[in-house]
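Me: I'd like to learn how to read a model like this one, feature by feature. Could you walk me through it?

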Amino acid sequence: GIRVQGTHPLILSPGPGEMSNWSNFIGIDKDGEKFIRIENVVVRREERGKSFFLKVFLKQAEYARDNEFRYICLHAAGNPTTEYTGYRSWLSYGFDESVWDIKEDNPTLYDKIEQSPFFDAESILDICVADGGREWWKNNGDELHRAKFDLTTGSRSWDILMARAKVFGIV
C-alpha cells in the first residue's frame with residue numbers, strides 16, 4: 001500500500017517532528033478488496049460540528065466508491081472521559097463496527113452493551129438508531145478499533161452520510 005499525508009489549515013497543526021496533520025493509508029486487504037484507512041485527522045475544535053470535514057469526507061468517499069474501493073476504515077478515538085469525540089462523530093458519517101469485533105478488541109465495552117437495553121444490537125449503529133441509543137452511546141461508548149464505512153452503493157453507511165450532508169445543505 002501507500003501512505004498519503006498532507007496539511008490543511010482547518011485541521012490541527014502537526015506536533016513537533018510531524019510532517020502532516022492528516023494521513024491516509026491506501027491498500028488491498030487479505031480478501032483482495034481495495035480500502036482506505038484514515039490514520040490521522042483532528043479537526044480544529046472551533047471547526048467541529050460544521051460542514052468543513054463533512055465536505056472533505058463526502059468527496060473522499062465518492063472518489064473511493066467511483067474507483068472501486070470497498071470500504072474506508074479507521075480507529076474512532078475517544079470516550080466520555082477524553083477530549084476525543086471520534087467514537088461518536090464518525091458514527092454520524094456512517095461508520096459502524098460489529099459488536100463481535102468489539103467483543104475481541106474491548107471486552108469491557110462488550111459487557112456494557114450486553115448489560116444494556118441494546119443487548120441484541122449487532123453493531124454500534126443498531127444501538128444509535130434505537131430509542132435512547134445515541135444518548136446511551138454518548139455516555140457509555142468507547143473507542144472503536146475497526147470502524148468501517150461501507151462504500152457499496154445503497155449501503156447503510158451511504159444513507160447516513162447523505163442524510164447528514166442534507167442537514168448541512170451540501171447535497
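Reply: Let's go from the whole chain down to single residues. Bear in mind that this is a predicted model, where local features need pLDDT of at least 70, side-chain atom pairs count only at pLDDT 80 or more, and totals for chains, interfaces and linings use all residues. Residues are numbered from 1 along each chain as its sequence is written, and side-chain values use heavy atoms, with hydrogens and water left out.

Me: How many helices and strands does the chain have, and in what order do the elements run?

Reply: Helices here are DSSP runs of H or I with at least four residues, strands are E runs of at least two, and both are numbered from the N terminus. The chain has 7 helices and 5 strands. Starting at the N terminus, the order reads β-β-β-α-β-α-α-α-α-α-β-α.

Me: What does the radius of gyration say about the chain?

Reply: You take it over C-alpha atoms and hold it against a globule rule, 2.2 Å times the number of residues to the power 0.38. For 171 residues, a compact globule would come out near 16 Å, and the chain has 16 Å, so the two agree. The C-alpha trace spans about 45 × 35 × 35 Å along its principal axes.

Me: Which residues does Ile72 touch?

Reply: Contact means heavy atoms within 4.5 Å. Not counting residues up to four places away in sequence, the partners of Ile72 include Ile36, Ile38, Phe57, Phe95, Phe149 and Leu151. For the chain, take contacts between residues at least 6 apart in sequence: 61% of them join residues at least 24 apart.

Me: Is Leu144 buried or exposed?

Reply: Leu144 counts as buried, because its relative accessibility is 1%. The residue sits in strand 5 (residues 144–150). Leaving aside neighbours within four places in sequence, Leu144 is in contact with residues including Leu74, Tyr87, Leu91, Ile102 and Trp137. Its C-alpha atom and that of Ala165, 21 residues along the chain, are separated by 23 Å.

Me: Where is Ser23, and is Ser23 buried or exposed?

Reply: Ser23 is in strand 2 (residues 22–28). Its relative accessibility is 5%, so Ser23 counts as buried. Among the residues Ser23 touches, beyond four places away in sequence, are Arg3, Val4, Gln5, Ile38 and Asn40.

Me: Now the loops. What is phi of Glu68?

Reply: Phi of Glu68 is near 65 degrees, a positive value in a residue other than glycine. Glu68 lies in the loop between helix 1 and strand 4 (71–76). With a relative accessible area of 65%, Glu68 is exposed.

Me: Which loop holds Ala130?

Reply: Ala130 is in the loop between helix 5 (124–129) and helix 6 (133–140). Its relative accessible area is 28%, so Ala130 is partly exposed.

Definitions and conventions: Buried < 20%, exposed > 50% of the residue type's maximum accessible area, 1.4 Å probe, protein only.
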